[in-house]
Amino acid sequence: MNDLPTPSLALAQPPPAATPPGEKPALAAVALGLLALVAAAADADVARARLSLCLALALLSGGALGWAWLAFGRSTAGWHPHDLWRRSSTSRGAVAWATGVALTGFYVVLYWFPWLLENLIRALDPASQWLRHRAADQWFLYGTFYTLAVLVLGVRALWKYRFSRYHLARTASVMFFQLGFGFLLPGLLLALQRPEYYFTYFWPLKYDYLFPGTVAQLLHGGGLGVFMVFWGVVMSFVATPVLTYFFGKRWYCAWVCGCGGLAETAGDAYRHLSDKSRQAWRWEVRLIYPILGLITLLTALLWLGASGVVPALGVVTGPLGQFYGFVIGSVFSGVVGVGFYPLMGSRVWCRFGCPMAAYLGLLQKHFSRFRISTNGGQCISCGNCSNACEMGIDVKQYAQRGEPIVRAACVGCGLCATACPRGVLNLENGPRANRLAGSTFIHADSLRIL
Amino acid sequence: MHLVIIGNGITGVTAAITARRLAPDARITLVAAESAHHYSRPALMYLYLGHLRYADVKPYEDWFWVENRLELVHAEATSVDTAARTVQLATGSALTYDYLLLATGSVVRTAGWPGQQLRGVQGFYGLPDLESMSQATQGIRHAVVVGGGLIGVELAEMLHSRGIRVTWLVREPRYWQSVLPPEESALVAAHIRSYGIDFRVATELREVLGDAQGRVRAVVTTTGQELPAEWVGLATGVQPNLALARAAGLETDLGILVNELLATSAPGVYAAGDCAQHRQPAPSEVAVEQLWYTGRMQGETVAHTICGQPTPYRRGQWFNSAKFFALEYQTYGRVPAQLAADTASFCWQHPTRQHLLRINFRRADHVVTGVNALGLRQRQPVWERWLGEQTSIGGVLAQLAAANFDAEFSRQHEPAIRREFARQFPDIAVPTPRRKGLFGAW
């Protein structure tokens, strides 16, 4: 019993976990829903396609909700992510690859081959007429799917995290903002012949809201348009620094933002897949700050051009804007950002690409009262916190040194604190004095960690 | 200076990292048979549960050792020549040292039950144990866990996660009787039973029965009952790993005997962590400490001594933590299982949910002596200060929210706790309370 054979590779590759038999009917409903969706997309008969689509959405929603209840509703409440790294769907197995390919394919079709979705779009016409007083288009289809995903899988998250009022509150918050401000209100504005405006997206994420062209258009739209411009400027340059000072970037990324909303609901099962290595962190800073710089430069150049001070700037801003819109706006935030959920985790875009996250992160790191406190010397270096971090922060490097976690990337989802089995971590807003002070219980380790 | 450390657990690694900081030019070699790199022993259960992969339980990425010039030798040390200052490795090569630190940890302790050598019967301490448990529990339906401590509850949770029916035998009349007061034991036992664990107190293992192939098939308890068991986990404690110390001719008892500088009987040889036994432990402290935290503190202390800053080992306020399935436990100061006559104990429990807070204080001057928290998180620096400054129970209860480390939006129980205190101790006044949060903490 006491001899020590060298551990075999079986440790690194544990046997895959089978799907519990009780969950199979729910999964079958999801699969049938996907089939019905394909059928609807392939059916030129509008009435039949509409029926297929309704059936598909009912099966997908019902199946997902049933699955969530079977997986979380029946067992004792608590953090029990059993078999997370043993299931094909959540450990980059065949199911994860298939899901990733399907999601990526959907985005490619949506952006560049929307005519393939024509039957689905037509099937949604009544809903679009009801909400927006106009025919559906590919973006209405996308918004519908997106909002449904946030709501249905939001209910899954509410069940899963029902033991934590913090998680209940932030999940309910992203569901509310996606449904109200990401779907209903923009549709209603269109119905009222007003500009389609998302009050929860700001420059530099929704970069064109502060482009001179958009601003001029809105200002022509009367009082509401003027308010929209005012709102955009205030949110970007006043509210964002103030709210981030008091609460950290989480007020936006984990409570309001639609991208964050999808990540916290549909992406919740994939949060552990984010890469925690130093190499990944190096890519993060190489990408996200240049992207923030690029969109800032582009916006400045556009205003310079619009002011007429420098003539013929369109030669530069035209191609630059197209490049940014294609590479960052479409490929990165959509195709990679969501398509790669099952392989690289739910926050690929937020971590590597989002200029708003970069802006909020700089504020959080240098001008905020937010930190994740480490509780004295209680850390056992188990790694559950790092594993739970969707932003790829190696949280335990700080916890095991007794240091508070003050990182630009942290979106404040709070899962590290939930996953900690020793009660070591807590998200807190407090005085900035001593914000970076470490614990007096640990002082062994002053060696570099990044 | 060449420091050779035997063992890459938390003690050895903390010593190596501390020594690197104190002696930037020293040559530091970590020798370990169990694994190529340091891993978190308390995290082993999360590998079995599927929460983490092996790479996730390594506290440092592999580049850390290279960049900090900490040499790793993945081999068993078989003997030490303390006169020639050399360590012999099983690979045939030898290492010469100026200082040697033995941080060899523990081995599983068993009671020598009949049949414990059968296949499918094992302890749970290291990677090889996890390995054999993973293989032996595949597809089984019944398992038995023996021993009412922290490893027992880990094994029960691990087996439960794979849908294996667990019968858990505990010798004492209640859970973790040597450490927890009765209310805590009862709450933890109720929590464990809520997961469907067949938790049997006052029941001991008498014998393990095998089948024709030498595999375990059942156990017999001291109550004479035969229980089916395709796997048996022995969680009846660990004892210092003395193999190398004995081979080196060091003075040993239960552990490797050390003085307050953690020096052994041989010059230049130190011992720290699970394997060390203090010759003169401080009053109310134990001679052999087998905790992650004490291992880290001893490793840090001994590195100072080795690097020319002789530092006696002083553990400071006692603290510990654990998790029983979903129920978290933290303790600061002293909360003995048996209450001393000069100490009063205030215990609050939530009427319906699983939260408990116990604060002990001296009857004479009301100074707090320790706290137990179940299902509540308490802030260590605050309790450290209260205990160190001899704060009275009234002062602590008034400021109790300052020690609240629960997540935001959690229900706050401080008013209910104060009401309960006023009911139990109507003669002791509690000043006006302060609000929760960081403002009160620092």
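The contact between the two chains takes 56 residues from chain A and 59 residues from chain B, two residues being in contact if their C-beta atoms, placed from the backbone, lie within 7 Å. The model is predicted, and local features need pLDDT of at least 70, side-chain atom pairs count only at pLDDT 80 or more, and totals for chains, interfaces and linings use all residues. Residues are numbered from 1 along each chain as its sequence is written, while chains are lettered from A and ligands numbered from 1 in the order in which they are written.

On the side of chain A that touches chain B, helix 7 (165-191), helix 17 (384-388) and strand 2 (425-429) of chain A each supply at least two residues. Helices (H or I, at least four residues) and strands (E, at least two) are DSSP runs, numbered from the N terminus. By class, this side of chain A has 25 nonpolar, 23 polar and eight charged residues; Ala, Val, Leu, Ile, Met, Phe, Trp, Tyr, Cys and Pro count as nonpolar, Asp, Glu, Lys and Arg as charged, and the others, Gly among them, as polar.

Chain B has 12 helices and 25 strands. Its radius of gyration is 24 Å, close to the 22 Å that the globule rule gives for 442 residues, so chain B is as compact as a globular protein of that length. The radius is taken over C-alpha atoms, and the rule is 2.2 Å times the number of residues to the power 0.38.

An open sheet of five strands in chain B has the order 3-2-1-7-19, with parallel pairing; two strands pair if DSSP finds at least two bridges between them. Strand 3 (70-74) and strand 19 (269-271) of chain B stand at the edges with a single partner strand each, so one side of each is left without a neighbour in the sheet. Strand 2 (residues 27-32) and strand 3 of chain B are joined in the parallel sense over five bridges, and B:Leu30 stands opposite B:Leu72 in strand 3 of chain B.

In another part of chain B, strand 21 (residues 319-324) and strand 22 run antiparallel, joined by six bridges. B:Asn320 stands opposite B:Thr331 in strand 22 of chain B. The hairpin of these strands has two residues between them, and B:Phe325 takes a positive phi near 50°. Strand 22 of chain B also pairs in the antiparallel sense with strand 25 (residues 368-374) of chain B over five bridges, where B:Tyr332 stands opposite B:Val371.
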